[in-house]
Amino acid sequence: MGPLVAQPVEAALTGRPHPITGAPAAARTAWTCPACAAAQPLAVAREQLFVCPTCAHHARIGARQRIEHLADPDSFAEWDADLAGRDRLAFVDTRPYAERLAEAQARHRMPDALLSGAAAIGGHRVGLAAFDFSFMGGSLSAAVGERLARAAERCATLRTPFVCVTTSGGARMQEGVFSLLQMAKSVAALHTLADAHMPFISILADPTMGGSIASFAALGDVIVAEPRATIGFTGARVIAQVTHERLPADFQTSEFHHARGLIDMVVDRRQLKGRVIGLLRVLAAPGGRAGTDASAA
Amino acid sequence: MTAVSAESGDRAASEHAPGGASPLEADAERAWARIELSRHPDRPYALDLIGRCLEDFTELHGDRQGGDDPAVVIGLARLHARPVAVVANQKGRSLEERGRRNFGMAHPEGYRKAQRLLRLAGRLQLPVLSFIDIPGAYPGVAAEERGQAWAIAQTIEAQLTLPTPYVAVVIGEGGSGGALATFLADAVLVMEHAFLTVASPETAAAILYRDAGRKRHAAAALRLEAQNLVGWGIADEVVPEPRGGAHRDWDGAARLLRPRLVHHLERLIAQGVDAARRRERYRRIDGLATPEPDAGG
């Protein structure tokens with residue numbers, strides 16, 4: 001599991017008070033890079049998709065921003081907007097899970113950590129899903145798994161490619177084995193997509209860990225990662241604690257996995273949409289299997 | 001909060017302890033006693049049960065890609081005269097063997113070895129028997145460097161495309177994605193003092209309470225009793241163990257297990273299975289799926 005600290009980028013965009021300082025949204029016109037602390041006018045930061053112009057750090061962004069960035073304007077139509085999970089284990093850690101989940105749902109105005117829907121990217125019809133790391137670490141709940149599975153299956157039915165942007169700490173502990181089994185569920189649904197010969201473009205953002213990378217996210221026909229994203233099964237802190245091994249400098253970064261043949265390409269967020277369109281021109285080409293003129297709508 | 005009844009499926013949120021307190025100490029101690037039984041140093045390991053339940057076992061070696069992970073054992077055998085392919089997590093008994101087998105924790109080569117066994121079974125039309133006993137995927141630098149997450153994801157996929165009948169039994173620890181890699185069978189059995197978990201109680205406690213020392217509470221909250229897996233539709237049957245636990249009587253444990261393996265294998269062969277039906281089982285795992293998702297925008 002990666003760290004479960006959310007970046008306040010989403011809050012900056014939605015006009016809510018700053019989560020830490022409580023400063024009113026109107027007072028915040030600057031964005032500070034969480035890596036190098038360079039400040040930018042918020043408008044510049046937005047234009048740069050929250051990639052720091054000074055150090056190129058890719059800040060975490062929310063699911064809505066991700067969709068806004070990748071989807072053509074006004075093309076996104078959400079699927080399963082009311083599909084929420086439930087507290088099957090009546091789980092209590094330091095707080096009841098039911099309470100924690102309700103609070104996250106209210107704060108993010110999302111039923112869970114994944115948004116999905118029909119969209120167009122550069123004019124190509126796709127199914128598009130995006131995780132929100134600030135919603136309980138983007139963890140893989142039963143509802144997230146179900147939305148993911150339905151999205152993949154709808155893409156098979158609609159004969160469109162499936163594009164998923166993952167940023168996820170892995171399993172959601174509070175859902176126990178139901179969370180674990182989402183790894184199987186998502187892979188089963190991806191098989192339906194593969195049976196329809198529709199492509200799955202898996203985009204990995206910081207971080208993509210645990211059960212998410214060990215299931216659907218690793219099975220993209222094409223796997224794209226943002227620069228310096230942390231990607232891996234076990235978190236570096238746990239590995240260091242358990243084994244006392246020295247970790248390589250670039251351990252579990254996008255570049256680390258790219259060098260080992262596990263990721264196809266590492267792409268700057270500011271070029272990401274263009275690269276995805278480039279892939280879709282081939283994979284969703286008219287006359288190809290994933291034609292853009294599917295009759296089902 | 002009362003002790004979790006063996007027959008309980010879902011438990012209403014209203015049964016939270018007053019004030020949403022953590023599970024009572026008694027629950028935590030009971031849950032931990034079960035974990036210790038499943039980890040008992042004298043518990044029969046996979047090869048102990050394979051030797052007692054199967055005939056003509058011949059071990060095979062290697063993933064055919066350059067590695068042979070001693071934490072995963074594969075081979076050919078007969079069960080009640082029926083030829084089967086076998087895959088198992090293997091812990092070590094002596095100090096030397098424990099080290100050699102990495103305490104039963106597979107490296108990527110172990111998952112690829114399992115994939116090789118599944119391919120072999122498919123080609124030769126052999127049913128598969130899986131014995132699960134893994135603390136979890138190995139938290140090490142080398143495992144990450146060699147694509148542990150990708151190896152697990154691909155093994156999940158391989159299980160969901162296996163064309164032959166597949167029976168799995170959790171004989172001890174069923175830790176996280178490492179266990180899931182050989183769990184996704186048509187019939188899943190769980191020995192009385194075995195468990196499947198999203199993360200080891202120690203890891204879950206570190207994430208939930210930021211304190212691995214609260215492993216007892218995590219074990220209780222995760223509701224790891226074998227019978228729950230049956231109630232939730234994740235496993236088919238709990239296999240009783242000799243009085244006090246399997247570590248007291250290996251022959252007795254095998255005498256209780258063998259007929260259940262035979263029963264489920266013969267049942268699956270008689271009814272006929274295919275990979276599509278298995279995928280359907282894991283697609284519908286948590287009851288969130290609707291039979292016909294609306295395929296529209």
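Biologist: In which strand of chain A does Pro207(A) lie?

Modeller: Helices (H or I, at least four residues) and strands (E, at least two) are DSSP runs, numbered from the N terminus. Pro207(A) belongs to strand β7, residues 200–209 of chain A. The peptide bond that leads from Asp206(A) to Pro207(A) is cis, with omega near -20 degrees. This is a predicted model, in which local features need pLDDT of at least 70 and side-chain atom pairs count only at pLDDT 80 or more, while totals for chains, interfaces and linings use all residues. Residues are numbered from 1 along each chain as its sequence is written, and chains are lettered from A and ligands numbered from 1 in the order in which they are written.

Biologist: How many residues of strand β4 of chain B are buried?

Modeller: A residue is buried if 20 or more other C-beta atoms, placed from the backbone, lie within 10 Å of its own, exposed if 12 or fewer, and partly exposed in between. Strand β4(B), residues 128–134, has seven of its seven residues buried.

Biologist: Which residues point one way from β4(B), and which the other way?

Modeller: In a regular strand the side chains alternate between the two faces of the sheet. Val128(B), Ser130(B), Ile132(B) and Ile134(B) point one way from β4(B), whereas Leu129(B), Phe131(B) and Asp133(B) point the other way.

Biologist: How many bridges join β4(B) to strand β5 of chain B?

Modeller: Two strands pair if DSSP finds at least two bridges between them. Six bridges link β4(B) with β5(B), residues 166–175, and the two run parallel. Here Ile134(B) stands opposite Gly174(B). Strand β3(B), residues 82–89, also runs parallel to β4(B) and is joined to it by four bridges. Ala88(B) has Phe131(B) of β4(B) as its bridge partner.

Biologist: Which residues have the most contacts inside the largest nonpolar core?

Modeller: A nonpolar core is a set of buried Ala, Val, Leu, Ile, Met, Phe, Trp, Tyr and Cys residues joined through C-beta atoms within 7 Å. The largest has 175 residues, and Val169(B) and Val190(B) have the most contacts inside it. Helix α5 of chain A, residues 142–158, gives the most to this core, with 10 residues. Apart from it lies another core, of seven residues, including Phe50(A) and Ile61(A).

Biologist: Which residues does Val169(B) touch?

Modeller: Two residues are in contact if their C-beta atoms, placed from the backbone, lie within 7 Å. Leaving out residues up to four places away in sequence, Val169(B) touches Phe131(B), Ile132(B), Leu189(B), Met191(B), Val239(B), Leu257(B) and Leu261(B).

Biologist: Why is helix α8 of chain B described as largely enclosed by the rest of the structure?

Modeller: Seven of the eight residues of α8(B), residues 201–208, are buried, so the helix is largely enclosed by the rest of the structure. Among these buried residues are Pro201(B), Thr203(B) and Leu208(B). Their cover includes α1 (25–38) and α9 (215–221) of chain B. Arg210(B), which follows α8(B), has a positive phi near 55 degrees.

Biologist: Is Ala90(A) buried or exposed?

Modeller: Ala90(A) is buried, as 22 other C-beta atoms lie within 10 Å. Its phi is near 50 degrees, a positive value in a residue other than glycine. Ala90(A) is found in the loop between β3 (77–78) and α4 (97–108) of chain A. Asp56(B), which is not a glycine either, has a positive phi of about 55 degrees. Asp56(B) lies in strand β1(B), residues 55–60, and counts as exposed, with 11 C-beta neighbours inside 10 Å.
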